[in-house]
Amino acid sequence: MSEKASEKTPPAADVPVIELIDAKKIYKMGDEYVHALDGVSVKIFKGEFIAILGPSGSGKSTMMNMLGFMDTLTSGTMIFEGKDVSHAGAGRRAWYRANRIGFIFQAFNLLPRLSVLENVMLPLTYSKVPRKEADRRAREALSRVALDHRISHIPSQLSGGERQRVATARAIVNNPGVILADEPTGNLDSKNVARTLALLCSLRDSGLPVVMVTHDLEVSKAAGRVVSMRDGKILEDYKQ
């Protein structure tokens, strides 16, 4: 079996999908060193909905960048699906981002000139999935978020809540190992906040781990577990 094929094999149920062990990220700003992550250890399992909660500068976005292979640790260990990826090179990190991580962003990050269907197909196009198969999988993902009736529309013709559902369909179309949601309710009204959180809960119920960054205590209440951060450290890690 090739390395990439084995990387796609999910871990056993009792093995964390992601584990950070004494993770540190230090940035140099002028003459000072900023400890954006300062000895963080956390385990994330299948079927969990975790809210990473904290104010600006707490380290929650840095942690999200680490979990999503968008940045590298200064020191410490990261295990993903049973493999030590602490020192993964740029090419391997790019493969993980494309194939094992589903990203949902506050700003949706949809391409304005592409249709809903084409936006959802994008990750599959980048992964060189044949167009017929990509079309089928994108339609299936849009059906899961109840937007299969809007496939020919462009983003400007959708409400904020509908755009977030398109972004969610795009996040799940590649059958990722984890969903990372960065302030996914930040641009939504209260009704669509509730719908988005319900959708994230449904992804958790399907077995996917969902990790959501938020500064909003009310939004964090939808998660089954809260990791509270400040000054690059975990203050609390509790189930609710």
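Predicted model: local features only at pLDDT ≥ 70, side-chain atom pairs only at ≥ 80, totals over all residues.
Local features were taken at pLDDT of at least 70 and side-chain atom pairs at pLDDT 80 or more, whereas totals for chains, interfaces and linings use all residues. Residues are numbered from 1 along each chain as its sequence is written, and side-chain values rest on heavy atoms, with hydrogens and water left out.

Helix α5 covers residues 131–144; helices (H or I, at least four residues) and strands (E, at least two) are DSSP runs numbered from the N terminus. The 14 residues of α5 should span 20 Å at 1.5 Å a residue, and the end C-alpha atoms are 20 Å apart, which agrees. The expected span is 1.5 Å times one less than the number of residues in the helix. The buried residues of α5 are Ala134, Arg137, Ala138, Ala141 and Leu142. Viewed down the helix axis, the buried residues of α5 fall within an arc of 140°, so they line one face of the helix; the arc is that of the directions from the helix axis to the C-beta atoms. Buried denotes under 20% relative accessible area, exposed over 50%, and partly exposed the range in between (1.4 Å probe, protein chains only). The cover of these residues includes α4 (116–126) and α6 (160–172). Alanine 146, which follows α5, has a positive phi near 60°.

For α7, 16 residues should span 22 Å at 1.5 Å a residue, and a separation of 23 Å between the end C-alpha atoms agrees. Among the buried residues of α7 are Val193, Thr196 and Leu197. Just after α7, glycine 207 adopts a positive phi of about 110°.

The loop between β7 (178–182) and α7 (190–205) contains threonine 185, which is buried at a relative accessible area of 9%. Apart from neighbours within four places in sequence, threonine 185 is in contact (heavy atoms within 4.5 Å) with Val193, Thr196, Leu197 and Val219. Asparagine 187 also lies in the loop between β7 and α7, but is partly exposed, with a relative accessible area of 45%. With neighbours within four places in sequence again left aside, asparagine 187 is in contact with Gln106, Ala107 and Phe108. The C-alpha atoms of asparagine 187 and valine 213 are separated by 14 Å, the two residues being 26 residues apart along the chain.

Valine 34 is located in strand β2 (residues 32–44) and counts as partly exposed at 32% relative accessibility.
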